[in-house]
Amino acid sequence: MKIISNPLELKEYLKTNTKTLGFVPTMGALHEGHISLIKQARLENELVVVSIFVNPTQFLQGEDLDKYPKKDEADKKICELSGVDILFFPHAKDIYSEDEVSLLAPKVRGFVLEGNSRPGHFNGVLTVVMKLLNIVEPTNAYFGKKDAQQLNLISLMVKQLFMSVNIVACETMRESDGLAMSSRNVYLSKEQRVQALKISSSLQIAFGMVSQGIVDVSEIVLQMREKLEPLEIFYVEILSRDFEVLENVEIGNSIVLVEARVGTTRLLDNIWL
Ligand code: AMP
């Protein structure tokens with residue numbers, strides 16, 4: 001596995017590449033969720049590039065940028081064992097300059113849900129993803145459904161800016177008890193980890209109700225909110241796969257999304273129905 005930290009060096013290295021290239025952007029502290037994306041990229045492409053970059057512009061003032069988990073050596077080992085060809089490990093100074101051109105997330109879709117509790121977060125996400133895609137120029141780029149709004153906005157960016165990369169949506173990996181894997185789970189104490197299970201359980205309530213033929217969104221959301229108590233809920237929503245408001249769940253076209261705080265940790269989860 002080759003490790004490159006300079007963006008221009010990576011561009012130069014890939015300049016003559018004619019192979020199909022799968023790209024997995026991450027912020028490191030890799031877990032089975034990331035590994036599943038890498039494995040899918042490995043299966044579907046001749047060359048696999050993973051990036052590890054904790055993007056400062058997607059963190060708001062007072063968020064966990066400085067204490068975001070860092071496991072550089074373990075991450076390198078995981079990438080090597082997962083068959084990654086190139087690990088891109090840039091420094092912020094090589095990605096950003098003082099006076100920046102940047103992207104703005106769409107005014108509506110970028111500022112609801114997570115974008116409502118973290119205004120400006122998706123400006124940073126789209127800007128860095130655009131930069132990374134321009135550096136790597138992949139055939140396919142892999143993103144987790146766990147970050148459903150991020151996936152939706154990146155797909156929108158690729159479509160609206162007429163980019164030619166193919167965005168691949170990957171399933172959410174969970175612990176055996178249902179907790180969605182996340183680099184931020186390490187912040188949870190033992191007790192908080194138990195509390196956090198309310199999030200995946202609330203999604204199971206939605207799944208159960210829909211399986212019984214109950215499709216009324218407000219009825220389902222009410223039951224989910226009850227299950228989530230006493231967590232601080234940022235949102236519980238059931239939207240179409242295009243993030244439009246639904247009155248009734250449409251099977252095959254719905255996402256049930258939850259964001260809640262456990263202790264000081266924000267956790268996101270969703271299921272696609
Ligand atoms: P992050 O390092 O948190 O920025 O995540 C990098 C990529 O991994 C994103 O596309 C995430 O959606 C994806 N990802 C994070 N957690 C999971 C998970 N539990 N299952 C599948 N993909 C995930």
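The crossing of helix 8 and helix 9 is right-handed. The model is predicted: local features need pLDDT of at least 70, side-chain atom pairs count only at pLDDT 80 or more, and totals for chains, interfaces and linings use all residues. Residues are numbered from 1 along each chain as its sequence is written, and side-chain values use heavy atoms, with hydrogens and water left out.

**Helix pairs**

Helices (H or I, at least four residues) and strands (E, at least two) are DSSP runs, numbered from the N terminus. Two packed helices are described by the angle between their axes and the distance between the axes. Axes are lines fitted to C-alpha atoms, for helices over the stretch in contact; angles run from 0 to 180 degrees between N-to-C directions.

| Pair | Axis distance | Angle |
|---|---|---|
| Helix 8 (residues 190-211) and helix 9 (residues 217-228) | within 9 Å | roughly 150 degrees |
| Helix 6 (residues 121-136) and helix 7 (residues 148-160) | within 10 Å | roughly 55 degrees |
| Helix 1 (residues 7-14) and helix 6 | 8 Å | about 40 degrees |

The axes of helix 8 and helix 9 cross at roughly 150 degrees. That makes helix 8 roughly antiparallel to helix 9. Angles under 35 degrees count as roughly parallel, over 145 as roughly antiparallel, 65 to 115 as roughly perpendicular, and the rest as oblique. Contact means heavy atoms within 4.5 Å. On the helix 8 side, K198, I199, S201, S202, L203, I205, A206, M209 and V210 meet E219, I220, Q223, M224, K227 and L228 of helix 9. These contact residues comprise nine nonpolar, three polar and three charged. Here Ala, Val, Leu, Ile, Met, Phe, Trp, Tyr, Cys and Pro count as nonpolar; Asp, Glu, Lys and Arg count as charged; the others, Gly among them, are polar.

Helix 6 and helix 7 are oblique to each other. Helix 6 passes helix 7 in a right-handed crossing. F122, V125, L126, V129, M130 and L133 of helix 6 touch Q149, Q150, L153, I154 and M157 of helix 7. That contact has nine nonpolar, two polar and no charged residues.

Helix 6 also packs with helix 1, at about 40 degrees. Helix 1 is thus oblique to helix 6. P7, L10, K11 and L14 in helix 1 meet N134, I135 and V136 in helix 6. Five of these residues are nonpolar, one is polar and one is charged.

**Domains**

The chain splits into domain 1 (2-170) and domain 2 (183-268), with bounds from an automatic or database domain assignment. Their centres, taken over C-alpha atoms, lie 26 Å apart. Domain 1 gives 20 residues to the contact and domain 2 gives 16. Together they bury about 1500 Å², 56% of it on carbon and sulfur atoms. Buried area is the accessible area (1.4 Å probe) that two parts lose on being put together, summed over both.

**Backbone details**

The peptide bond from E229 to P230 is cis, with omega near 5 degrees. P230 sits in the loop between helix 9 and strand 7 (232-240). F162 is not a glycine, yet has a positive phi of about 55 degrees. F162 lies in the loop between helix 7 and strand 6 (166-170).

Technical notes: A crossing is left-handed if the near helix is turned anticlockwise from the far one by less than a right angle, and right-handed if clockwise.
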